[in-house]
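Please open the model in your viewer and keep the selection tool at hand. The tour below goes from stop to stop, saying at each one what to select and what can be found there.

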Amino acid sequence: MAPQGQESAFSVPGDEATDLKGNKFALPVDSEHKAKTLRLYSFASPHMLTFHLSWISFMTCFFSTFAPPPLMPVIRDNLDLTKVDIANAAVASVSGSIISRLLMGTICDLAGPRYGCAILIMVTAPAVFCMPLVNSITGFIMVRFFISFALATFVSCQFWMSSMFNSKIVGLANGTAAGWGNVGGGVTQLVMPLVFSLIQHQFGAEYFTAWRLAFFVPGVMHVVMGLLVLTLGQDLPDGNYAALKRSGNKVPDTFGKVLYHGATNYRTWIFTITYGYCLGVELTVDNIIAEYFYDRFDVNLSTAGIIASTFGFMNIFARPAGGIISDLMARRFGMRGRLWALWIIQTLGGVLCIILGITHQLTSSIVVMLIFSVFVQAACGATFGVIPFISRRSLGIISGFIGAGGNVGSILTQVLFFSSSKYSTETGIMLMGVMTVACTSVLFLVYFPQWGGMICPPRVKSTEEDYYGAEWNAEEHAAGLHESSLKFAVNSRSFLIIDQLGMKEKT
Amino acid sequence: MACCHKLLAVTVLFAALFQATEVEGGVRFSTLERNLVVNAQIQSQNVSSGVAKVGVDSLAVQWNLNSSLEIEVDSEYASVKVKLCFAPKSQIDRGWRKTDDDLQRDNTCPKEIATKLYRSEGNFVVWRIPKNVPGGEYFVRAYVLDTQAVELAYGQNTDDAKTTNLITIIPITGRLPSIDIAGIVLSLFSVVSLCSFLLAETLLDEKIRFQNDLLNHIGVIGPRALAFAFTN
């Protein structure tokens, strides 16, 4: 393999490419050795194995974070909780991951997504094992808070997908991995009550003991997935960070520089706001929707649980669909297409949320909720079709900021609209929709010089290399530290260039 | 195949929903007359405590028809259902225990103590409090039902405001020492195996770096050593 810096950015990629050890890749790859296709049925190392490890570990974390809500009728009697207690615990369950998502971005940039994911999932396993030991509301809030740190595996998941899959399909890869991970929120609503029932009736445990035992299921899942990620996972297509650093193929970077370039890019903050009103809305709904149907429409708790789980299950196809739509729009319209697709999908999600709040009838409410869930989750997928392009150098920390923004949006929404008796739940849902539409409109401010924005066309003569190269200063350029960014710039190039002759396709 | 599964799931979901949307109005509590006299006492080994522990203590409940009423009032009375009900103090801020006048939607009385055939007097039951009763303040209410299981009258051991003669029940925690130990052991396993793994990989990395450095070093002096060896 050519030493770093001497490899031409236009070298012939693909089928004959090999990793550091000389093994041929199972999938067709580009010049950065990122896969150009996504084969969901395959477990081939490194790309597809990483894909499956990544989404399953993220799903495990979603599973354990939202494991208490379906068992809440038992827990609230055991711990003698009031409505305010439950709401406080729900806010705690999305707060911890703000901190961890910010940290995870940096850890991925510096130590690699494999370590980031494995360390987080195995360090939060003790928090899950503490749930069976909880005796009071204080303990319950603290445990939910610490378990929620695990949701930062989202950042490592997205970072890992962006490192393994080519920009043509990064939207699809990110959307599918994240969507299938988010399904954990739906799976847990079905599985935890089943496990509880099994333990109570088949094993004869006491009512107030059975729910505690049920929490060993997510705990053990954490440990198993952590070990699998450590043993089978790989940071980059060419190998792990440590091996690549040794051979000089991975440029070590400093936290300060990575943070600076991430924080000073205004697009980071715009997407933090918009993601707060797509993932934020999804997390809020995960926490409140079962109770909403139970209270407003008088369905029993099992039925409310089934309805609640369908919201989460839409993620199986809704979030990947958002990624696919983003990729399809990019093929035809480049980055501008991605931005418009995101704005349209998320605004429609907000409108449907408003409609959900003003729907008075049970069946219509369920139908509206299902359509609403598709749009909200597709918006999350479409957001991560854009994020890999905001920065190459600071991808991890930007993913962390934006992911944390999702949680901040959820906390803000829950505190503003769902924690007091000022608004009924249906009014709260309607107001959440209004806020979604308002906050999504900041997307009009996003502008990439080389690709344009929603309203403005690209600047003439501005290139991808300029944009990504600008993250490195003159000394770093001279030392050749920006080479990986240049490779990325080439691979990110839009597929259409507009010249005086009109649109023509460029491969 | 996936299509069939999805279709089945959707069908089951809609079937469940349509069942749930059938709402029948029940009897209104405000229409019932308080014709029974109910008494309840805690039977406990620790007599003076005034509270009942689940799984250990029992409630002794007696009920009879109010003797000052006209005789014909109980002509349709078929059975009596005795229930344990939340006092207002245990309902505050807990909407799932809300009192509703429509008895179909009322959540005041979660636990059934006994169901017996109706007799105007001489009714007595001792009920060991099961371990799944949550802690709180309770009272005992008995509903009189007709042959169609429709409520006709009631009685309770407290006043109408539900403030007197309340029973305090102490719950179990649900925790067991074995659960505590298992949780601690598995947590330690998780942290220790993670640290071992990281340590092993760091040591391996250092070993490989050391070997690489050594080989590079030998690579420099190797040819000169050979040249030296050949000339000597």
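Start by selecting chain B, which is divided into domain 1 (28-170) and domain 2 (174-232), the bounds coming from an automatic or database domain assignment. The C-alpha centres of these two domains of chain B lie 69 Å apart. Keep in mind that this is a predicted model, in which local features need pLDDT of at least 70, side-chain atom pairs count only at pLDDT 80 or more, and totals for chains, interfaces and linings use all residues. Residues are numbered from 1 along each chain as its sequence is written, chains are lettered from A and ligands numbered from 1 in the order in which they are written, and side-chain values use heavy atoms, with hydrogens and water left out.

**An open sheet in chain B**

Next, select β2, β4 and β7 of chain B, three strands that form an open sheet in the order β2-β4-β7 with antiparallel pairing. Here helices (H or I, at least four residues) and strands (E, at least two) are DSSP runs, numbered from the N terminus, and two strands pair if DSSP finds at least two bridges between them. Because β2 (36-43) and β7 (123-128) of chain B stand at the edges, each with a single partner strand, one side of each is left without a neighbour in the sheet. From one strand to the next the twist averages 20°. Between β2(B) and β4(B) (residues 58-65) there are eight bridges in the antiparallel sense, and Val37(B) has Asn64(B) in β4(B) as its bridge partner.

**A mostly covered strand**

Now move to β5(B) (residues 79-86), where six of the eight residues are buried, that is, under 20% relative accessible area, while exposed means over 50% and partly exposed lies in between (1.4 Å probe, protein chains only). Strand β5(B) pairs in the antiparallel sense with β6(B) (residues 111-117) over six bridges, and Leu84(B) has Lys111(B) as its bridge partner in β6(B). Eight bridges also join β5(B) to β8(B) (residues 136-145), again running antiparallel, with Lys83(B) opposite Arg141(B).

**The nonpolar cores**

Which residues have the most contacts inside the largest nonpolar core? Select Phe271(A), Tyr275(A), Ile390(A) and Ile402(A), which have the most contacts in this core of 55 residues; a nonpolar core is a set of buried Ala, Val, Leu, Ile, Met, Phe, Trp, Tyr and Cys residues joined through side-chain atoms within 4.5 Å. Helix α19 (residues 395-418) of chain A gives the largest share, seven residues. Since domain 1 (46-235 + 253-453) and domain 2 (464-492) of chain A both give residues to this core, it lies between them. Leaving aside neighbours within four places in sequence, Phe271(A) is in contact (heavy atoms within 4.5 Å) with residues including Leu339(A), Thr383(A), Ile390(A) and Val446(A). Apart from this core lies another, of 34 residues, among them Ala118(A), Ile121(A), Met225(A) and Val229(A).

**Two residues with positive phi**

Most residues other than glycine have a negative phi. Select Asp80(A), which is not a glycine and yet has a positive phi of about 55°; Asp80(A) is found in the loop between α2 (72-78) and α3 (83-111) of chain A, and is partly exposed at a relative accessible area of 37%. Finish at Asn165(B), whose phi is near 55°, also a positive value. Asn165(B) sits in the loop between β9 (151-156) and β10 (167-170) of chain B, and at 53% relative accessibility counts as exposed.

Notes:
Axes fitted to C-alpha atoms, helices over the stretch in contact; angles between N-to-C directions.
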